[in-house]
Amino acid sequence: MITFVISLVVLVLGYFIYGKFVEKVFQPDDRPTPAVAKADGVDFIVLPSWKIFMIQFLNIAGTGPIFGAIMGAKFGPSAYLWIVLGCIFAGAVHDYLSGMLSVRLGGANQPEIIGKFLGKTTKQVMLVFSVFLLMMVGAVFVFSPAKILGDMWEPTFFTESAGKYVFWIVVIFLYYIIATLLPIDKIIGKVYPLFAFSLLFMAAALLVMLLVKQPDIPELWEGVGGEALTANNIFPYLFITIACGAISGFHATQSPLMARCMKKEKMGRPIFYGAMITEGIVALIWATVAMYFFYDAPTPGYEQIAGGTAAINDAPSIVNIICNDWLGVAGGILALLGVVAAPITSGDTAFRSARLIIADFVRLEQRTIRKRLYVCIPMFAAAIALLIWQMNDKEGFNMLWNWFGWSNQTLSVFMLWAITVFLVQQRKLFIITLVPALFMTTVCSTFLFVSPQAFGLDYSVGYVLGAVALVIALVWFFAWFRKIHNA
């Protein structure tokens, strides 16, 4: 528990110290924001700063800092290091600077930002990559809450005629369509702050219980790997498993939604950097809760329930067990919000982001609902096809989730490189994003080489090729930097 408390304090200090430093590097000013200059009553709307923070937090969080932290806790105390260092020096920097670049560029979406600094070809690749990632988010976050709700209750006649879970899938998709089409202040602006509060309240309640129970869990000085409950190597798997709570490329697809609602640039640090630090705190709490479940002496939690060792691979079940055991009926309700409402809210903003990215690319204005339908109809048709494939293939969900994790981190790589180019061009301190860009380039390359879902090479070979990717990235960057410096 000492490692946990120290980590919690460092995260908070990270916001006030390093967050302030990063803000000074960017230098926000008083120029008109897109919400003011391009107000359209649909996507460009001025919202109160507290509401933007809550929406941004829920948009980037969902179940990411819960499920990812739980699965990452199987690697032992090293999860603490990655959450704290990754969040302060990579994730929050990525979120703040990508959000502020969107503000500076008129509410530009992620592919536009990447294209501006890494070229048109990269923009085209990232447009397809981003939309596909967002579609995967939508598909993943339809099925998981539908399955949970379907196991609780669904109409018998619907199940017999259409199949299990179809009723809830239809209900969730209808909600997605409505939320994606309506102005951002109609549903998202009203409901999201409530869900965000629920996530924060649940995390705070668990924090209190952790401090009361003082579980006997591995400390960092007992070994970085601790008593790892997974056969996967810490590098690169830990850095893919824990994305939300450390660094996540998905966040940069969501930040433009809030960049289009900010009244002043100086709201950026609490909204973007602050939301990421808050997510890191939530991830830290859930990682510690999971370590209690995995490691607490004398008997780990999973050995005391039906399912035994298999339970360590079922994050939603762990959430329900812990919340019901520690927090009672209220905990069960909050757990339901965490594993049902949170992914649904991530799914609808994913589809909204995809709509805006596609509309910006084809230069189709979104003031009228008819023009929004032009984008939404084919987009939802493709998402339904992806969902049907996932449901028909017994390995579909696992495969989709694994590729979602890698795609998510790869997206952060491109955004970090784009921000680095911006900082170089503006003669600002580019090292703050260069180091995370190089690290995540190595992580994503190595994962691609060693993962059974990709090349499946031996670790020794994969590590060498990952190092080669790092050298190539370094040579490319400094050759470009020298060219720019001498121009």
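Select Asp 43 first: at 4% relative accessibility, this residue counts as buried, because buried means under 20%. The model you have open is a predicted one.

**Stop 1**

Arg 355 is buried, with a relative accessible area of 0%.

Is Arg 352 buried or exposed? Its relative accessibility is 0%, so Arg 352 counts as buried.

Side chains of opposite charge can pair when their charged atoms come close. How many salt bridges does the structure hold? There are eleven.

**Stop 2: a network of salt bridges**

Select Asp 29, Arg 31, Arg 104 and Glu 265. Salt bridges link these four residues in a network. Look at one pair within the group: Glu 265 bridges to Arg 104, with the closest N and O atoms 2.7 Å apart. This pair also links distant parts of the chain, 161 residues apart. Glu 265 lies in the loop between α13 (250-259) and α14, and Arg 104 in helix α6 (residues 78-104).

Compare how well each one is covered. At 1% relative accessibility, Glu 265 counts as buried. Arg 104 has a relative accessible area of 23% and is therefore partly exposed.

**Stop 3: the nonpolar core**

Next, colour the nonpolar residues. In soluble globular proteins, nonpolar side chains tend to be buried together. The largest nonpolar core in this model has 161 residues. Which of its residues touch the most other members? They are Phe 4, Ile 70, Leu 97, Leu 206, Tyr 273 and Trp 286. Helix α14 (residues 268-295) gives the largest share of this core, 19 residues.

Zoom in on Leu 97. With neighbours within four places in sequence set aside, Leu 97 is in contact with Val 22, Phe 26, Ile 419, Leu 423, Ile 432 and Thr 433.

**Stop 4**

Select Thr 3, which is in helix α1 (residues 2-16). Thr 3 counts as buried, because its relative accessibility is 5%. A polar atom of its side chain lies 3.1 Å from the backbone nitrogen of Leu 220. Residues up to four places away in sequence are not counted in the next list: Thr 3 touches Tyr 80, Glu 219, Leu 220 and Trp 221.

Then move along to Phe 16, also found in helix α1. Is Phe 16 buried or exposed? With a relative accessible area of 54%, Phe 16 is exposed.

Phe 16 is one member of a nonpolar surface patch of about 620 Å². To see the patch, select Val 5, Val 9, Val 12, Leu 13, Phe 16, Ile 17 and Leu 211. Helix α1 gives the most to this patch, with five residues.

**Stop 4: backbone details**

- Gln 27 is in the loop between α2 (18-26) and α3 (34-37). Although Gln 27 is not a glycine, its phi is positive, about 65°.
- Tyr 165 is in the loop between α9 (156-162) and α10 (166-181). Its phi is positive too, about 75°, and Tyr 165 is not a glycine. At 13% relative accessibility, Tyr 165 counts as buried.
- Phe 235 and Pro 236 are joined by a cis peptide bond, with omega at about 10°. Pro 236 is in helix α12 (residues 234-241).

Definitions and conventions
Residues numbered from 1 in each chain as written. Predicted model: local features only at pLDDT ≥ 70, side-chain atom pairs only at ≥ 80, totals over all residues. Heavy atoms only, no water. Helix = DSSP H or I, 4+ residues; strand = E, 2+ residues; numbered from the N terminus. Buried < 20%, exposed > 50% of the residue type's maximum accessible area, 1.4 Å probe, protein only. Polar contact = N/O pair within 3.5 Å; in protein donor to acceptor, adjacent residues only side chain to side chain. Contact = heavy atoms within 4.5 Å. Patch = residues over 30% accessible without salt bridge, like charges linked within 9 Å, V, L, I, M, F, W, Y side chains within 5 Å. Areas by Shrake-Rupley, 256 points an atom, 1.4 Å probe, with all protein chains shown as cover. Salt bridge = Lys/Arg side-chain N within 4 Å of Asp/Glu carboxyl O. Core = buried A, V, L, I, M, F, W, Y, C linked by side-chain atoms within 4.5 Å.
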